[in-house]
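I am opening a notebook page on a structure that is new to me. I will write down what I look up, entry by entry.

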Amino acid sequence: MRLDFASLSPLDAYRWLASTVTPRPIAWVSSRSAAGIDNLAPFSFFQVISDEPPTLMVNVGNRDDGSLKDTLLNVRETGELVIQLVAAAQVEAMNASAALLPYEVSEFERCGIATRAAERVAALRVEGAAVAFECRLAEIQPYPRHAPNCHLIFAEVLLAHVDDAVLDAKGRIDPRKLDLVGRLGGKAYTFTRDTFELERPA
């Protein structure tokens with residue numbers, strides 16, 4: 001099969017990219033509006049892009065009607081966010097938080113998701129998240145610039161919370177204990193508990 005992306009509709013292009021570039025980590029992003037309304041939403045166009053400074057990138061697409069999502073509005077207002085990784089035990093809560101709710105409704109409250117206070121930012125943390133990164137906004141880039149349909153949030157990591165239960169005897173992450181969820185195409189997801197190791201060549 002040969003795919004000429006110039007001839008594909010945006011929806012078809014998305015489906016091919018989302019079903020082939022897998023598995024994708026999921027950023028479970030919590031934010032707080034300037035008015036104090038807490039928001040929580042998952043995004044699978046997400047990655048670490050720099051270690052100096054430590055920076056994560058989350059792609060927040062516009063809604064189908066072209067309006068901006070609550071996460072983007074909040075981060076733009078306050079310059080703060082928390083990015084949690086999604087473990088297997090949190091799949092249902094993560095999926096519930098993806099519901100389209102009015103701006104003034106908190107996903108934490110509507111979905112019954114427990115919270116913890118963050119230390120460096122006002123946004124709440126997800127209780128029980130194995131890893132949570134407290135971040136400040138570094139930059140927001142609309143993309144593509146001539147007619148943006150998404151915004152890239154570059155988030156500098158200030159502080160990370162890592163559950164001791166996911167560490168090995170040397171105090172490093174054990175991926176089997178971390179047991180994260182990855183996004184595949186369509187409705188499909190995967191777990192990261194099945195792992196193997198390779199030695200990099202000299």
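In which loop does Asp 179 lie? I find Asp 179 in the loop between helix H5 (175-178) and strand E11 (181-183), where helices (H or I, at least four residues) and strands (E, at least two) are DSSP runs numbered from the N terminus.

Before going further I note that this is a predicted model, in which local features need pLDDT of at least 70 and side-chain atom pairs count only at pLDDT 80 or more, while totals for chains, interfaces and linings use all residues. Residues are numbered from 1 along each chain as its sequence is written, and side-chain values use heavy atoms, with hydrogens and water left out.

**Entry on backbone angles.** Most residues other than glycine have a negative phi, and most peptide bonds are trans. Asp 179 counts as buried because its relative accessibility is 17%, buried being under 20% relative accessible area, exposed over 50% and partly exposed in between (1.4 Å probe, protein chains only). I then noted a cis peptide bond from Glu 52 to Pro 53, with omega near 0 degrees, and Pro 53 sits in the loop between E4 and E5. A cis bond also joins Tyr 143 and Pro 144, with omega about -15 degrees, and I place Pro 144 in the loop between E9 and E10.

**Entry on the whole chain.** I count 5 helices and 12 strands in the protein chain. A compact globule of 202 residues would have a radius of gyration near 17 Å, and the chain agrees because its own value is 17 Å; the radius is taken over C-alpha atoms, and the globule rule is 2.2 Å times the number of residues to the power 0.38. Buried residues make up 40% of the 202. Among contacts (heavy atoms within 4.5 Å) with a separation of 6 or more, 59% are between residues 24 or more positions apart.

Leaving out residues up to four places away in sequence, Val 58 touches residues including Phe 43, Ile 83 and Leu 152.

**Entry on H2 and two further residues.** The buried residues of H2 are Asp 70, Thr 71, Leu 72, Asn 74 and Val 75, and their cover includes E2, E3, E5, E6, E9 and E10. In strand E5 I also looked at Asn 59, which counts as buried at 17% relative accessibility and, beyond its neighbours within four places, contacts Phe 43, Phe 45, Cys 150, His 151 and Leu 152. Is Asp 51 buried or exposed? Asp 51, in strand E4 (residues 46-51), is exposed, with a relative accessible area of 71%.
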